[in-house]
Amino acid sequence: MASNKLSRSFYQQEDVVKVARQLVGKVLCTQIDDDEMTSGIITETEAYCGRGDKACHASGGTRTDRTEIMYHAGGVAYVYLCYGIHHLFNVVTNVEDRADAVLIRAIEPLDGRELILERRKYQKINPALTAGPGRLTQALSITTDLDSTDLTGDTIWIEDRNVPNSVKELASAKRIGVEYAGEDAKRSWRFYPKNSKWVSKK
DNA sequence: CATTTGATGTTCT
DNA sequence: GAACATCAAATGC
């Protein structure tokens with residue numbers, strides 16, 4: 001069966017907010033070492049724009065060792081450590097030097113559910129398992145080791161399986177945890193399916 | 001229930 | 001030394 005893996009041209013679209021919308025309902029997959037493949041339906045995203053968005057790590061065109069990968073052409077992973085504990089996964093978008101990215105905040109488990117439960121030390125499947133940016137990376141075994149990984153490769157990738165969520169009505173809201181960004185904190189650049197349980201916060 | 005707090009490490013000033 | 005795109009456990013109603 002041919003896989004509908006998202007192509008480089010999908011990630012290189014110029015409107016990062018549009019990409020964030022389109023990613024809801026797509027399927028994020030990881031194949032780590034010799035583990036079984038794990039995946040989940042993306043249920044929550046946030047857009048970060050390199051130009052004119054104070055909430056973005058690369059706002060104002062600042063380049064540091066950490067943010068350098070955000071200036072890469074779209075289609076690579078940006079993974080960083082948050083609060084010393086959590087690995088947060090972003091998709092770099094747009095063409096080279098724009099530094100746009102989409103943060104994946106929540107998924108609904110699909111493939112490899114038993115392995116996901118094991119990684120999270122959970123007994124049952126419920127939203128607390130994978131709804132939250134630090135939770136889903138643990139579930140899919142995404143760490144900063146995977147920073148800069150090419151999303152068209154065989155370690156982390158995103159597929160379009162035309163799952164029902166992809167046609168649900170989307171809700172939007174302010175981004176989480178960016179109060180420091182002043183006026184930019186008010187932008188409604190967070191997206192999730194209306195009525196979905198697999199969302200970190202309403 | 002809601003709210004607070006402690007854990008934890010890298011980056012940047 | 002402060003800040004940080006968070007989470008889970010503990011405490012307060």
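**Close-up views of the protein–DNA contacts**

**View 1. The surface near DNA strand B.** Three nonpolar residues, two polar and one charged make up the surface near DNA strand B. Here a residue is near a molecule or strand if one of its heavy atoms lies within 4 Å of it. Nonpolar covers Ala, Val, Leu, Ile, Met, Phe, Trp, Tyr, Cys and Pro; charged covers Asp, Glu, Lys and Arg; the others, Gly among them, count as polar. The residues around DNA strand B are Thr64, Arg66, Leu81, Tyr83, Gly84 and Ile85. Sugar or phosphate supplies 52% of the atoms of DNA strand B within 4 Å of the protein, and bases supply the rest.

The model is predicted: local features need pLDDT of at least 70, side-chain atom pairs count only at pLDDT 80 or more, and totals for chains, interfaces and linings use all residues. Residues are numbered from 1 along each chain as its sequence is written, chains are lettered from A and ligands numbered from 1 in the order in which they are written, and side-chain values use heavy atoms, with hydrogens and water left out.

**View 2. Polar contacts to DNA strand B.** A polar contact is a pair of N or O atoms within 3.5 Å; within protein, one must be able to donate a hydrogen and the other to accept it, and residues adjacent in sequence count only if both atoms are side-chain atoms. The side chain of Thr64 places an N or O atom 2.3 Å from a phosphate oxygen of DNA strand B. Tyr83 uses a polar backbone atom, 2.3 Å from a base oxygen of DNA strand B. A backbone N or O atom of Gly84 is 3.2 Å from a sugar or linking oxygen of DNA strand B.

View 3. Strands (E, at least two residues) and helices (H or I, at least four) are DSSP runs, numbered from the N terminus. E3 and E4 run antiparallel and are joined by six bridges. Val79 stands opposite Phe89 in E4. Three residues lie between the strands of this hairpin, and Tyr83 takes a positive phi near 55°.

**View 4. Contacts to DNA strand C.** DNA strand C is surrounded by 20 residues; the closest are His57, His86, Asn90, Arg135 and Tyr180. A side-chain N or O atom of His86 is 2.8 Å from a base oxygen of DNA strand C. Arg135 brings a polar side-chain atom 2.5 Å from a phosphate oxygen of DNA strand C. The elements giving two or more residues to this surface are strands E3 (77–82), E4 (86–93) and E5 (100–109) and helix H4 (133–139).

Conventions. Two strands pair if DSSP finds at least two bridges between them.
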